[in-house]
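Notebook open, structure loaded. I wanted to look up confidence, a helix pair and the salt bridges.

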Amino acid sequence: MVSADGRTRATHVPVLAARIVELLAPALEEPGATYLDGTLGLGGHAALVLDACPQARLVGIDRDPAALAIAGERLSRFGDRVRLFRAVYHELPSVLADAGLDRVQAVCLDLGLSSLQIDRTERGFAYAADAPLDMRMDPDSELTAATIVNTWSGTELTRILRTYGEERNARRIAAAILAER
């Protein structure tokens, strides 16, 4: 977990940790084998894989600079076996090119939110806390959830709810948002 001041607490346990290591380790047996971890998050899976596979290297990506800072600190003991990049999935080809790689031997994509986003109230992802409606995975991005909810048209709200949320009641929800404004 991540405390309010941004420090990781020892209680953070990566999801399906043992199974992830079990599945990835056979592909990382050869010296110089590369493991791609995206989204890197707090680096929990990466640390476990690197511990279990001392000959493997890591290329880690995350779009959240706070997550990269925490993961970088957590993974610093692995030295030059670790390369971290601030990037998103569609940038993987250029990340691999920057790392001098044309292929990797193992990949773990932990899609979705990390505890870093959920546990920090000011990020606006948690349902249980009264906080600004932010919800940016990349805090340097200009567009916030508040801007979308408070300024976008009913048509646009319906489109994003239907397309990205697969919400069958998208039109009704968009109408309720517009009425509440």
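My entries follow in that order.

**Ground rules.** I'm working from a predicted model, where local features need pLDDT of at least 70, side-chain atom pairs count only at pLDDT 80 or more, and totals for chains, interfaces and linings use all residues. Residues are numbered from 1 along each chain as its sequence is written, and side-chain values use heavy atoms, leaving out hydrogens and water.

**Confidence.** I checked pLDDT (the predictor's confidence in each residue, from 0 to 100). The protein chain has a mean of 89, with 93% of its residues at 70 or more. Residues 1-5 fall below 50, yet this stretch has 17 contacts (heavy atoms within 4.5 Å) in the model beyond near neighbours in sequence.

**Helix pair.** I looked at H1 (residues 17-24) and H2 (residues 44-52), whose axes come within 10 Å and cross at roughly 45°. Helices here are DSSP runs of H or I, at least four residues, and strands are E runs of at least two, numbered from the N terminus. The axes are lines fitted to C-alpha atoms over the stretch in contact, with angles from 0 to 180 degrees between N-to-C directions. H1 brings Ala17, Ile20, Val21 and Leu24 to the contact, and H2 brings His45, Leu48, Val49 and Ala52.

**Salt bridges.** I found seven in the structure, each a side-chain nitrogen of Lys or Arg within 4 Å of a carboxyl oxygen of Asp or Glu. Arginine 123 pairs with aspartate 64, their closest N and O atoms 2.7 Å apart. Arginine 123 sits in the loop between H5 (115-119) and H6 (145-151) and aspartate 64 in the loop between S2 (57-62) and H3 (65-75), so the pair ties together parts 59 residues apart in sequence.
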